[in-house]
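Subject: Handing over the structure

Dear colleague,

I am passing on to you the structure that I have been looking through, and I would be glad if you could read these notes with it open beside you.

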Amino acid sequence: MLLNERGPRTAKPCGMNLRKRIVVGVTGASGSAYALATLSALRRPDLEVHLVVTRQAARTIELETDRSATDFAALADVVHDAGDLGAAISSGSFLHDGMIVIPCSMKSAAAIAYSLNDNLLVRSADVCLKERRKLVLVVRETPLHLGHLRTLSRLAEIGAVILPPIPAMYAFPKTVDDIIAHTVGKALDQFGIEHELFTRWQ
C-alpha cells in the first residue's frame with residue numbers, strides 16, 4: 001500500500017493509467033528548493049508523480065528551507081519509503097515515463113553509476129537505465145575532482161542525462177526563484193512536459 005496526501009491508495013496496474021508518470025527522487029545534496037520547485041511544477045492533473053526522499057534529504061530540507069519532508073510529500077500523488085526496495089518503482093515492470101533526481105548528491109550519483117542499489121532511490125534510477133527510460137540527474141557539487149568527473153562520464157555513457165543547475169543569464173533572472181525555475185524547466189524539457197518556467201531564447 002502506498003501513501004499520498006489523500007491517504008492510502010494502491011498503485012494502478014500497468015496499462016491502466018493514461019496520465020504521464022514521473023518519478024522524482026530527492027537526495028541529501030544542497031538544493032532542496034530545486035526539488036520543491038519541481039514538485040510544484042509537476043502538480044498537474046495530467047501527471048502522476050511518484051516521490052522518494054532519502055533520509056539525508058529529509059534532514060537537508062529542514063536545514064535549508066522552512067518546509068519538511070511531509071510538505072514535499074503533500075505535492076506528490078504517491079510517496080514511497082526510501083528503504084522499501086519492494087516498492088512499485090523498484091521494478092522494471094512498473095511502467096512510467098522516467099525519473100528526475102533533484103538535487104542529486106555525488107554519493108547518489110556514484111551509487112547509480114555502479115548499481116549499488118542499497119535504497120529505493122538508487123534502485124529506481126538503476127531500473128530507468130536498464131529499461132532505457134529517461135533518467136535526469138541534477139547533480140549539485142562544485143568544484144568537481146577527477147573522481148566526480150569519471151562518475152559523471154560513466155553515467156552519461158550508460159544513458160543518464162547530466163543536468164547541473166546552471167543559470168542562463170540570457171533570461172535576465174531577477175530572483176533566486178527565477179534561477180531555480182530555469183533548471184527545473186530544463187529538466188521538464190527532457191520529458192516533453194510543457195511549461196512556462198523561463199523565457200526561451202528567440
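This is a predicted model: local features need pLDDT of at least 70, side-chain atom pairs count only at pLDDT 80 or more; totals for chains, interfaces and linings use all residues.

The largest pocket has a volume of about 260 Å³, and its lining is made up of 15 residues. Among these, Thr54, Gln56, Lys107, Ser108 and Asn119 are the ones that lie nearest the centre of the pocket. If you sort the lining by class, you will find eight polar residues, four nonpolar ones and three charged ones. Two helices, H2 (55-64) and H4 (106-113), each supply at least two residues of this lining, and H4 gives the most to it, with three residues.

As background, two packed helices are described by the angle between their axes and the distance between the axes. Here the partner of H4 is helix H6 (residues 146-157), and the two axes come within 9 Å and cross at roughly 45°. Angles of 65 to 115 degrees would count as roughly perpendicular and angles under 35 degrees as roughly parallel, so H4 is oblique to H6. The crossing of these two helices is left-handed. On the H4 side, the residues that meet H6 are Met106, Ala109, Ala110, Ile112 and Ala113, while H6 brings His148, Thr151, Leu152, Arg154 and Leu155 to the contact. By class, this contact of H4 with H6 has seven nonpolar residues, two polar ones and one charged one.

As a general point, most peptide bonds are trans, and most residues other than glycine have a negative phi. Which form does the peptide bond from isoleucine 102 to proline 103 take? That bond is cis, with omega near -10°, and proline 103 is found in strand S6 (residues 99-104). Another cis peptide bond joins threonine 142 and proline 143, where omega is about -10°; proline 143 lies in the loop between strand S7 (135-139) and H6. Finally, serine 115 has a positive phi of about 55°, although this residue is not a glycine, and serine 115 is found in the loop between H4 and helix H5 (120-130).

With best wishes

Conventions: Residues are numbered from 1 along each chain as its sequence is written. Side-chain values use heavy atoms; hydrogens and water are left out. On a 1 Å grid over the protein atoms alone, a cavity is a set of points where a 1.4 Å probe fits but cannot get out, and a pocket is an open set with protein on both sides within 12 Å along at least five of seven lines; lining residues have an atom within 4 Å of a point. Grid points are joined across faces, edges and corners, and a volume is the space filled by probe spheres set on the points. Helices (H or I, at least four residues) and strands (E, at least two) are DSSP runs, numbered from the N terminus. Ala, Val, Leu, Ile, Met, Phe, Trp, Tyr, Cys and Pro count as nonpolar, Asp, Glu, Lys and Arg as charged, and the others, Gly among them, as polar. Axes are lines fitted to C-alpha atoms, for helices over the stretch in contact, and angles run from 0 to 180 degrees between N-to-C directions. Angles under 35 degrees count as roughly parallel, over 145 as roughly antiparallel, 65 to 115 as roughly perpendicular and the rest as oblique. A crossing is left-handed if the near helix is turned anticlockwise from the far one by less than a right angle, and right-handed if clockwise. Contact means heavy atoms within 4.5 Å.
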